[in-house]
Amino acid sequence: MGEASKISRYLYTVIVLFLIWLLLTASLDPQELGFGLILSLIVAAFTYEIFTTSGLANLHPKRVAYAIAYVPYFLWAMIMANLDVAYRVLHPKRPIRPGIVHCKTVLNSDVGKLALANSITLTPGTITLDVDDDNYFIHWIWVPDEALTEKEEEHVKAASANITAPFEKFLKVIFG
Amino acid sequence: MNALAAVGEALVLIGTFFYFLSALGLIRMPDVYNRMQTATKSATLGSLGVIVGVGIWALGTDFGSAAWLTKTIVIAVFLLLTNPISAHALIRAAYKSGIPLWEGSVMDKYREHMEAKAKAAEAPEVETPEETPKEGGEE
């Protein structure tokens with residue numbers, strides 16, 4: 001993914017900072033809005049270089065729509081994850097079969113990989129141990145039977161289908 | 001407006017329940033990796049429930065205003081984005097400092113990968129074609 005122009009990255013940073021200001025103050029007083037805008041412009045001038053690489057392209061309607069659709073999907077996965085953890089903690093036999101598994105991802109951008117790693121950490125039984133290019137090493141609390149094969153390809157395929165694939169269809173559109 | 005207060009109270013109750021599970025998981029799980037699992041997930045959702053619950057609860061009372069809800073949502077999003085990163089840093093540091101996995105663990109692909117990588121670094125002429133950078137604009 002190539003870098004966007006400086007002005008586009010700057011404007012995107014200003015928009016994000018100003019949105020956070022709006023939510024934090026929760027007031028529509030023109031004086032507060034004006035001061036928030038000035039502060040956003042100043043802070044963005046210092047930070048836009050490390051904040052984003054794709055700039056205003058992040059606000060493409062399709063990306064925003066997928067990002068909004070991702071929120072309930074992710075929250076649902078997170079609630080299921082916690083019920084799963086609750087079951088494992090409260091069950092008297094403590095049914096865990098942990099292991100570190102190997103997954104591959106199709107995402108290219110760094111932000112996308114970060115979002116995927118975060119999503120994996122918060123969803124059922126998995127926590128990201130390390131990311132190396134497109135290889136994810138994930139500590140899984142219950143390694144299922146189909147991922148227990150000795151063959152590397154089958155293992156990666158089964159693990160990826162279980163862990164990374166459900167999020168990739170969203171994150172591929174949102175972050176590329 | 002009392003319905004909002006009731007919803008908020010219920011959310012706070014659910015959040016504290018997940019906090020309790022998180023603490024119980026710390027006691028019951030056998031090694032650091034499994035403890036991180038319960039501690040991260042349950043504590044994150046518990047915090048979300050309590051924080052957003054307080055925001056909604058405040059809407060239903062006479063002193064509350066919309067500012068409570070927006071602020072709590074900002075805090076909740078901040079927690080949601082940073083908690084998994086700290087968990088990842090902790091578990092990776094635990095692995096790098098040599099803490100062993102629980103004896104019941106079934107596989108360790110990360111060690112195999114690191115060993116394969118170290119071997120490839122010793123004999124670089126074999127593996128160099130694999131190392132070409134993959135990022136190049138598809139869009």
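Visitor: Which residues of chain A does UniProt list for "transmembrane region"?
Guide: The UniProt record, an unreviewed entry, lists residues 7-27, 33-52 and 64-83 of chain A under that feature. The model shown here is a predicted one, and in it the span 7-27 of chain A is 90% helix and 0% strand, with its end C-alpha atoms 28 Å apart. Over residues 33-52 of chain A the chain is 95% helix and 0% strand, and there the end C-alpha atoms are 24 Å apart.

Visitor: Where does UniProt place the feature in chain B?
Guide: According to the record, again an unreviewed entry, the feature "transmembrane region" falls at residues 6-27, 39-60 and 72-91 of chain B. Residues 6-27 of chain B are 100% helix and 0% strand in the model, with 32 Å between the end C-alpha atoms, while residues 39-60 of chain B are 95% helix and 0% strand, with 31 Å between the end C-alpha atoms.

Visitor: Why are H1(B) and H2(B) called roughly antiparallel?
Guide: The axes of helix H1 (residues 2-28) and helix H2 (residues 32-59) of chain B come within 7 Å and cross at roughly 165 degrees. Angles over 145 degrees count as roughly antiparallel, and therefore H1(B) is described as roughly antiparallel to H2(B). The crossing of H1(B) and H2(B) is left-handed.

Visitor: What makes E1 and E2 of chain A edge strands?
Guide: The open sheet has three strands in the order E1-E3-E2 (chain A), with antiparallel pairing. Strand E1 (99-104) and strand E2 (126-132) of chain A each pair on one side only, so they are its edge strands. From one strand to the next, the twist averages 30 degrees.

Visitor: How do you know that E1(A) and E3(A) pair?
Guide: Two strands pair if at least two bridges are found between them. E1(A) and strand E3 (residues 135-140) of chain A have six bridges in the antiparallel sense, and therefore they count as paired. In this region A:Gly99 stands opposite A:Trp140 in E3(A).

Visitor: Which helix lies across E2 and E3 of chain A?
Guide: Helix H4 (residues 110-122) of chain A does, running at about 155 degrees to E2(A).

Visitor: Which elements of chain A have the lowest and the highest mean pLDDT?
Guide: Helix H5 (residues 152-163) of chain A has the lowest, at 70, and helix H2 (residues 30-51) of chain A the highest, at 90. For chain A as a whole the mean pLDDT is 81, and 90% of its residues reach 70 or more.

Conventions: Residues are numbered from 1 along each chain as its sequence is written. Chains are lettered from A and ligands numbered from 1 in the order in which they are written. This is a predicted model: local features need pLDDT of at least 70, side-chain atom pairs count only at pLDDT 80 or more; totals for chains, interfaces and linings use all residues. Side-chain values use heavy atoms; hydrogens and water are left out. Helices (H or I, at least four residues) and strands (E, at least two) are DSSP runs, numbered from the N terminus. Axes are lines fitted to C-alpha atoms, for helices over the stretch in contact, and angles run from 0 to 180 degrees between N-to-C directions. Contact means heavy atoms within 4.5 Å. pLDDT is the predictor's confidence in each residue, from 0 to 100. UniProt positions are given in the numbering used here, feature names are shortened, and annotations may be inferred rather than shown by experiment. Angles under 35 degrees count as roughly parallel, over 145 as roughly antiparallel, 65 to 115 as roughly perpendicular and the rest as oblique. A crossing is left-handed if the near helix is turned anticlockwise from the far one by less than a right angle, and right-handed if clockwise.
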